[in-house]
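Colleague: Before I use this model, I would like to know what stands behind the words used to describe it. Please give the grounds for each one.

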Amino acid sequence: MTGQIIFDPLIPWQLLGIVALLAVLGVVLAAMRGLSGWALRGLAALVVLGALAGPSYQQEDRSPLTDIVLMLEDDSASQNLSDRPDQTKSAADALADRITARSNTELRRITIPDGEGDAGTQLMTALSKALSEEPRGRVAGIIALTDGQVHDADLPLDLPAPIHVMLTGKSTDWDRRLSIRNAPAFAIIGEPVTLTLRIEDMGAAPVGSDVAPLEISVDGGPVQEFLVPLGEDIELPVTLPHGGRNVLEFSVPMADGELTDRNNKALIQMNGVRDRLRVLLVSGEPHPGGRTWRNLLKSDSSVDLVHFTILRPPEKQDGVPVSELSLIAFPTRELFLEKIDDFDLIIFDRYKRRGILPALYLDNVANYIREGGAVLVAAGPDYAGADSIYRSPLGPVLPAAPSARVIEQPYRPTVTDLGQRHPVSTGLPGGGDWGRWLRQIDVTEPEGHVVMAGSDDRPLLMLNRVGEGRVALLASDHAWLWNRGYEGGGPQLELLRRLAHWMMKEPELEEEALTAQATGQTMRIQRRTLEETVPPVSITDPTGEVFELPLAESQPGLFETVFEGPEIGLYRLENGDQMAVIGLGPAAPREFEKTIATADILAPVVATLRGGTVLLEDGLPRLRDVRIGRPAAGRGWIGLTPRDAYETRDVRQTAILPPWLVLLLSAGLITAAWLREGRK
C-alpha cells in the first residue's frame, strides 16, 4: 500500500497562476493601505487557490511483478560443430537453474535456428521479436549463448537492459576455408577466363606447410590436383570445355583437427557461350535452296559464314574469260587443309565430285569429323549419281548410302517414333501439319538415328556420331519449300537451328543427358533419353546422404522429377551412365563461411549498456544485481538490473479540501478580516 498527494485542478494551470498572481497583488495592496485584515485576506485567497488546484490523497494497492531475463540459445549450423552443442546445453541449463533460483525472476529461453534460405544466424532479429512480446519495464537482462558469428548484428535495437554474450568454442579451434573472390557468370568457349580464389586458415591453425592441395573438377569429371599457397589470392585461368552450363567444383581436402570441411569447397556455375559460329557452306551448283541456306545463316549475327557456290564446273568450255567467272578463286587448299579446324560446321549443299576438291581434301574432311568436327550434307539428285560425294573418301563417315534412285513425287515429311524422342526433332512447331516436299533421294543401310522420314517412310534425316564428331544427312534438297511457305510451309528455321546446335554438341540438345535446374532449395531433375524407360535417379546431398527418386515421363524422351534439397550445398546426381552436379545456394553456406567463435561482431551491441562477454571454456560467471547505468559485467560476474515493476490492483483518492471545508474556511477568514478591519 502506497500513498501520495496528487492535484487535479478545476481550471487550467495557466489560469490558476493568473488568479494566484491577482490574489497576491490584492493582498500586497491591502497591506500597503494599512488594512489590518490583509493577512486573513491572504489566507482566504490561499484556501480558494488550494481548492481550485484540486489536491487529493491517492492510495494504491500494488502487487510486485517479476523481473524477466531473456536467454538466447544459438542453434544454428555453426553451433553444431565440434562439442559446441553439449557446451551450449550444459551452460544454458546451469544458467537457467541460477536465474530461476533468484527471487522475483522469470526466465524466457529462446532457441535460434538457421535463418531462412542462406540468411545465417538471425540472433538480433529473434531478440527484437522476443522484446516485442515482453513489457520493456520488466526485462532485467539478456544472455546470449552463441559462437558470436551473427549475421544481423547491425540491426538497430533499443535494448531495455544489458546484454551478455556467453561465447562457445575453444581457443584452440581452427578451420581452413576456400573462397572464390571473382567468378564471371559467362565465358567464351575455348578462351581462358581468370578466376580469383583464396585458401586461408582461421583461428589457432597449426604451424606447418604454407601450401595446400587444391582439387578441381568440371561437371563431376576427373579431378585435377595442384599445390597452391595459403593466405594469398590465386589467379586461376580456366577454359570452359562446352557450351551451356559448366559446373566447376574447387575443393581442399579436410585437414586433421579443423572444425569442418563444409567450407572447403566452392562451386561455380558458368555458362559457356560461343564467340562466333564459323560455318563453311559449299554449294555444288546454283539452285533455289542455295539462297535459302545463305539467308538463313546470314540472319544470325553470331554466325560467320563463308559461302562458295560452284557456278561453272572445270569441264565446261564456253569461251567465257576466267576473269569474268568469279570474284575470287576457290581457295580449296587453304580451306580444306590449312584452316579446316577453324570451322565449327561444314555444309555440303548438293555437292558432287567435279575435280574441284581432290580426294586428299575430302579425306581431310573425314578426319576432321572423326576428331570432333561437324558436317551436314543436304543431298540432291547429285547424291544418287555416279559423281556422288558418297563415292569419295567421305563415304565411310556418311550415315547412309544412295540407292541411285531419285523419288520425284510429293510427300509430307514426318517425325519417326525415334524422332519423337530425339531433341532435334521432338516438339517441332506445327505438330507435323507441314507443307509437302517434291523430291527425295532414296538411301539404304542408314546408320545412327533416323529422326525424320519421307516418301513411303523412307529415311529422310539421319544423324550419326563418327569418332568424336557428328554428321547429318538430309536426303532431300527441297527443305527450302518450307521457307517459301509452300502449302503452308514448315519449321525449317527451328529444325535447322536444332540440327546445327546438336552438331555443335550443345548440352540442351544431347539425346542422352541428365540435367537439373534449381529454384531456391527445389531442383527439377530432367533425364533425356532415347530409351523407353529409365532407372531411378540417385541424389547425394552435401552431407553424403543418398536419396533415390523415380522419374516420370513428361513428354516423349523426357523424364522428370522434383526434389526438395534439405541442405544448402553441392548435390551429385547419377542415372545410369549419366552424371550431373548442381548447387543449391553456395557450396559453403553462410553459416560455414566463418566458423571460429568471436566476440568482435557483437561487441558494439554489448557495449551499449556496458554488458560483458564470457568464454564458456573459462566457466560460468556469477550473477549480480546492478543499477541501470552502472557497469554490468566484471571479472567472473555479469549483472542483472532489478526493475521493481508492479501491478496496481486498486486506487483510492481522498480530497484534502472538500467543498464544505473550503466554504467554511474561506467564509470564516473573510468574515474575520472584515470584523477586524471594522472594529478598528
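What follows is a set of questions about terms, each answered from the values.

Colleague: What kind of model is this?

Modeller: The model is predicted. The chain has 680 residues, with 11 helices and 37 strands.

Colleague: Why is the protein called more spread out than a compact globule?

Modeller: The radius of gyration is 45 Å, while the globule rule gives 26 Å for 680 residues; the value is well over the rule, so the protein is more spread out than a compact globule. The box filled by the C-alpha atoms, taken along the principal axes, is roughly 160 × 65 × 50 Å.

Colleague: What share of the residues counts as buried, and what does the accessible surface come to?

Modeller: Buried residues make up 47% of the 680. The accessible surface is about 33,100 Å², and carbon and sulfur atoms account for 53% of that surface.

Colleague: How many of the contacts link residues 24 or more positions apart?

Modeller: Taking the contacts with a separation of 6 or more, 72% are between residues 24 or more positions apart.

Colleague: Why is Thr121 called buried?

Modeller: The relative accessibility of Thr121 is 0%, and the limit for buried is under 20%. Thr121 therefore counts as buried. Thr121 sits in the loop between strand S4 (105-112) and helix H4 (123-132). Leaving out residues up to four places away in sequence, Thr121 touches Asp74, Ser76, Ile112, Gln149, Val150, His151, Asp152 and Glu591. Gly148 is 27 residues from Thr121 along the chain, with 9.3 Å between the two C-alpha atoms.

Colleague: Is Arg350 buried or exposed, and how do you know?

Modeller: Arg350 has a relative accessible area of 11%. Buried means under 20%, so Arg350 is buried. The residue belongs to the loop between strand S17 (345-349) and helix H7 (359-370).

Colleague: On which side of the exposure cut-offs does Asp644 fall, buried or exposed?

Modeller: Asp644 has a relative accessibility of 64%, and exposed means over 50%. Asp644 therefore counts as exposed. Its place is the loop between strand S36 (637-640) and strand S37 (646-655).

Colleague: What makes Leu227 exposed?

Modeller: The relative accessible area of Leu227 is 63%. The cut-off for exposed is over 50%, so Leu227 is exposed. Leu227 lies in strand S11 (residues 224-229). Not counting residues up to four places away in sequence, Leu227 touches Ala212 and Pro213. From Leu227 to Asp152 there are 75 residues in sequence and 36 Å in space, C-alpha to C-alpha.

Colleague: Why is Leu609 called partly exposed?

Modeller: Leu609 has 30% relative accessibility. Buried would need under 20% and exposed over 50%, with partly exposed in between, so Leu609 counts as partly exposed. The residue is in the loop between helix H10 (603-607) and strand S33 (613-615). Apart from residues up to four places away in sequence, Leu609 touches Leu159, Pro160, Ala161, Pro162 and Ala632. Leu669 is 60 residues away along the chain from Leu609, and their C-alpha atoms are separated by 58 Å.

Colleague: And which term applies to Gly42, and why?

Modeller: The relative accessible area of Gly42 is 23%. Gly42 is in helix H2 (residues 38-53). Gly42 and Glu235 are 95 Å apart, C-alpha to C-alpha, and 193 residues apart in sequence.

Colleague: How many cavities are there by the rule, and how much space is in the largest?

Modeller: The count is 1 cavity of 30 Å³ or more. The largest cavity holds about 60 Å³ of space. It is lined by 13 residues, of which Gly289, Trp293, Asp477, Ala479 and Trp480 are the closest to its centre.

Colleague: What is the make-up of the lining of the largest cavity?

Modeller: The lining of the largest cavity has 5 nonpolar, 6 polar and 2 charged residues. Helix H5 (residues 288-298) gives the largest share of that lining, 3 residues.

Terms used: Residues are numbered from 1 along each chain as its sequence is written. This is a predicted model: local features need pLDDT of at least 70, side-chain atom pairs count only at pLDDT 80 or more; totals for chains, interfaces and linings use all residues. Side-chain values use heavy atoms; hydrogens and water are left out. On a 1 Å grid over the protein atoms alone, a cavity is a set of points where a 1.4 Å probe fits but cannot get out, and a pocket is an open set with protein on both sides within 12 Å along at least five of seven lines; lining residues have an atom within 4 Å of a point. Grid points are joined across faces, edges and corners, and a volume is the space filled by probe spheres set on the points. Helices (H or I, at least four residues) and strands (E, at least two) are DSSP runs, numbered from the N terminus. Ala, Val, Leu, Ile, Met, Phe, Trp, Tyr, Cys and Pro count as nonpolar, Asp, Glu, Lys and Arg as charged, and the others, Gly among them, as polar. Buried means under 20% relative accessible area, exposed over 50%, partly exposed in between (1.4 Å probe, protein chains only). Contact means heavy atoms within 4.5 Å. The radius of gyration is taken over C-alpha atoms; the globule rule is 2.2 Å times the number of residues to the power 0.38. Accessible areas come from the Shrake-Rupley method with a 1.4 Å probe; for residues, only the protein chains shown count as cover.
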